[in-house]
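I opened the notebook today to follow up on some salt bridges and on one pair of packed helices. The entries below keep to what I looked up.

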Amino acid sequence: MCGIVGFVGRAQAAPILLDGLRRLEYRGYDSAGIAVEQAGEIRIVKTKGRIQCLADLTGEGQKVPGTLGIGHTRWATHGEPSDVNAHPHRSMSGKIAVVHNGIIENYVELREYLQKKGYVFVSDTDTEVVAHLIDYYYKGDLLKAMIKAVNRLEGSYALGVVCADCPDQFAAVRKASPLIVGLSEEGNFIASDVTALISHTKRVMYLEDDEIVLVGREGVRVYNMNEEEIEKEISEVTWNIDAAEKGGYEHFMLKEIMEQPTAIRETIRPRLKEGRVVLDDVCLTAEDLKGLRRIIITACGSAYHAGVVGKYVLEELTRIPVEVDLASEFRYRNPIVDDKTLVLIISQSGETADTLAALKEARRRGARTLSIVNVVGSAIAKESDDVIYTWAGPEIAVATTKAYSTQLIVLYLFALYAAGLLGTREEAELRRLAAELESLPDKIEALLPACKPEMQRLAAIHYGAENLFFIGRNLDYAAALEGSLKLKEISYIHSEAYAAGELKHGTISLIDQGRLVIALCCQNALFDKMRSNIREVKARGAVVMALASESHPDIRETADQAVLVPETDPLFMASMEVVPLQLFAYYVASANGCDIDKPRNLAKSVTVE
């Protein structure tokens, strides 16, 4: 979950490293540091805190001259955030400096081994082991030392390594953690994410596990663990720098909320042709689908919540039983998975460690796998039998908005596609649903400016709440899960989502005078039942904010406050109602003075278990 950047070229490295780290700060912001090669020595500057602290220390990089260097922004796993534990870490000889994303699982064993060899450790991190281990094996050939060291490492890692004896190149390697190489005329780069490089180059190479790259001033060379040079395809990034900048918005989160209509259009457009869903990249046949006993959706966080929506939609349209499982639990419960199981894996980054592990477990047990990811060439995409990309573009805010919304769209598309192959819905009905799906971006585009001031007004009323509840039934409950998560992760207000029918089974005891309850009432078939649930909590003193479709303005007679969203098919309603919930969370966090794009203790891409 840390961010790595490296550069070698003709320009000064430190300002480029700082610029890259700023664009990667969503991956971690406990501490930051850079290592720059200067006349055969490695100069390291690092500090606890945000990137700006590092920029101030280095005079925006001007105080650290040199044209080769690596940088790091940290999300702490081993050792508290501190100057000493910040990366880069240096070997005892001073020859090697390392930045690391991931976890070295056998670091205690390696630390004891190196201590017996005379190495002295100064930090509490697992990463310092890597610096000393490479130093131990270094005999004048950095590639050989890297291979020997990596062969002893267990866990996940992306490593950037500078050697004082190598003023014209540095090394990098990955295993189960993202790392890309950037190529340009001004020099060559590594980074955890393309957002760090996009202002310099759109030409990138995606490293595979156990590939080591030597990044030089004039070019790059990639090797396998047998020290054999291998050819790598160069890819072209399709989006520009504007997509990775705020564009006049105060926060990336608000920008990304407002970008949802465009992101949804981009996700739908290539997959709807003449009223039918076409998934050219999916190889599942009608025979494959008819042979399935079950579908399992596995994911973490917001992607898991998208999966809960997907369960309702897939079961309704395909009549195949669907389970939704947290990826962090999936492989530890001895899951019942075989060749008659389709496992859907959902991840924005395509690198989520628990989700990737669940994917590998599913494949080991013989399941067919299909991933829904945003990042092209990511580990999960490459490991899956099939992949459907959400064309959401870069998402910088830690709290996901447009990535979640496009995951919903892909789940709808897949459900329509599968229903068409299986013949579980009439052709006319599938065309009607496809047309309704195609209309969603326009409806959300109209909803955003309409509900934005209202959600800001409601946030100004409720921002002081300490505990609150979201309730809903069926797909409204699935959407409530995401609304609750958005609020708690960026405003730090305790909130929980419950199926409204479960209120009487314990939860209603927590309702007291003035307690805010957000009631989702957008499933018209269940509207009367939800209105009864609202009356139950109001009778016990709750203040109720309700979301309902425009066909039910009468909700205002029951709730204290009401927000109406445009009508769509009930199967797609989660896409409409999540928009005001995202805006409510955003404005509550803003009113409380929270760091919206970088909420405490969280990072964007969770590449450790």
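Is Arg333 buried, partly exposed or exposed? I was working from a predicted model, and there I found Arg333 partly exposed, with a relative accessible area of 37%. I then looked up its partner and noted that Arg333 forms a salt bridge with Glu323, with 3.6 Å between the closest N and O atoms. Arg333 sits in the loop between helix H10 and strand E20 while Glu323 belongs to strand E19, so the pair ties together parts that are 10 residues apart in sequence. Glu323 is itself partly exposed, at 33%.

Next I turned to Asp386, which forms a salt bridge with Arg368 at 2.9 Å between the closest N and O atoms. Here Asp386 lies in strand E22 and Arg368 in strand E21, so parts 18 residues apart in sequence are tied together. I recorded Asp386 as buried, at 2% relative accessibility, whereas Arg368 is partly exposed at 22%.

Within helix H9, I noted that Glu315 and Lys311 are four residues apart, about one helical turn, and that their side chains meet in a salt bridge of 3.2 Å, N to O. The count of salt bridges comes to 45.

Last, I looked up helices H14 and H17, which pack at an angle of about 35° with their axes 8 Å apart, and I logged the crossing as right-handed. The residues in contact include Leu440, Leu447 and Met455 of H14 and Val579, Leu583 and Phe584 of H17; by class, the contact has 15 nonpolar, three polar and two charged residues.

Conventions
Residues numbered from 1 in each chain as written. Predicted model: local features only at pLDDT ≥ 70, side-chain atom pairs only at ≥ 80, totals over all residues. Heavy atoms only, no water. Axes fitted to C-alpha atoms, helices over the stretch in contact; angles between N-to-C directions. Helix = DSSP H or I, 4+ residues; strand = E, 2+ residues; numbered from the N terminus. Left-handed = near helix turned anticlockwise from the far one by under 90°. Contact = heavy atoms within 4.5 Å. Nonpolar A, V, L, I, M, F, W, Y, C, P; charged D, E, K, R; others polar. Salt bridge = Lys/Arg side-chain N within 4 Å of Asp/Glu carboxyl O. Buried < 20%, exposed > 50% of the residue type's maximum accessible area, 1.4 Å probe, protein only.
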